[in-house]
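Hi everyone, thanks for having me. Let me put it up on the screen.

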Amino acid sequence: VNLGEAAGPVSTSQLAHCYVMLALQLKQCLPSLLQFFSRYYLSSGRAFYQKQPCNHLQWLMSPYGYKYFLSNQWGYGLPQPTVFTSVTDPTDPLSFVARIYREHLLERIFKALVTPGTTQEPAADEGSIKRCPTPEVLTYIKLLADCHCCERSAWWASLLQVAANWLLSEDAAAERLYPRVEAPPAPQEPLVRTVMATFRLRKAALSSNPPSAHSLLPLSDAASQLLQESLTVDACHKPDTKVLLAQLLVCDWLLETRTALWEEQGGSAQGPVSSDQLSGFQADLSSLCRITQELPVQLLQLN
């Protein structure tokens, strides 16, 4: 830091990065009683950043990212890319922190979508805990976009924004994101294949000119089968919470679509449910039970 300040023409964004790196180093090596040094240098880095903002520090200088940095601990290594995100620059320690932060935001978004009655820490400020309605998802997605994400997390952000737009009946906003969602960076991943099949089913069902129920039922069954295969793959190890929440979102889309198709065909007024439709409902409900058995109990306790 001293050399940077004493050097000749060094940009303020470079000085901001130097102070952040020092704050990161102090955070890792100092005991908790001396963590105020890390906070001090991070604050100094923020002061330089405000003079000359730069993209790679944008996430850290947001109120939420700043608080996350100060409130959490992490380790370093060379982790393999997950289905959700990857390290963008293995030579930059801050890239490891940014990856952990992106994973944190993705989990927040999933929770807000599939368990909207739960309480979460507000994304817009540092205030008290409050309920997290669906519009809050868009705030978390904006925070994720400020990270200038890797391809994987950027794709998930687009997908989850579409899910939020659907819930908010903002169909035009969702349609603008369809091209991004249609190009996943890891299309052979079992979870991604499952999500894509269900996304295409849901997109078709919600379109202004949807296909017939007869055409959509085979797509529902195919997506349901992929979900079961994804659950089988994850049965060999303890699944990540984000994976379970993604599977729960898929299950929700499947059951909503099946219910809408059944109602379109007349619902209970047409007599008993056909055997094909009933087996589809039963398969998806069975998947739902498997998912909820693995989810942490606190996620299922809606307030």
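So, let's start with Arg200, which counts as partly exposed, because its relative accessibility is 41%. Quick reminder before I go on: this is a predicted model.

Who does Arg200 pair up with? Glu182 is the partner in a salt bridge, and the closest N and O atoms are 3.0 Å apart.

Okay, that's one pair. Have a look at Arg99, Glu103, Asp240 and Lys242: salt bridges link them in a network.

Let's take that network piece by piece. The side chains of Arg99 and Glu103 form a salt bridge, at 4.0 Å from N to O. Both of these residues are in helix 6, residues 93-114, and because they're 4 residues apart there, about one helical turn separates them. Now, how accessible are they? Arg99 is at 7% relative accessibility, so Arg99 counts as buried. Glu103 is at 15%, and buried means under 20%, so Glu103 counts as buried as well.

Glu103 has another partner: its side chain also meets the side chain of Lys242 in a salt bridge, at 2.8 Å from N to O. This pair links distant parts of the chain, since Lys242 is in helix 12 (residues 241-264), Glu103 is in helix 6, and the two are 139 residues apart. Lys242 is buried too, with a relative accessible area of 4%.

Now for the nonpolar side of things. As background, in soluble globular proteins nonpolar side chains tend to be buried together. Here, the largest nonpolar core has 79 residues. Which residues have the most contacts inside that core? They're Leu57, Leu60, Trp156 and Phe199. Helix 12 turns up again here, giving the core its largest share, 12 residues.

Let me zoom in on Leu60. Leaving out residues up to four places away in sequence, Leu60 touches Val20, Leu42, Gly65, Tyr66, Phe69 and Leu94.

That's what I wanted to show. Happy to go back to any of the pictures!

Key:
Residues numbered from 1 in each chain as written. Predicted model: local features only at pLDDT ≥ 70, side-chain atom pairs only at ≥ 80, totals over all residues. Heavy atoms only, no water. Buried < 20%, exposed > 50% of the residue type's maximum accessible area, 1.4 Å probe, protein only. Core = buried A, V, L, I, M, F, W, Y, C linked by side-chain atoms within 4.5 Å. Contact = heavy atoms within 4.5 Å.
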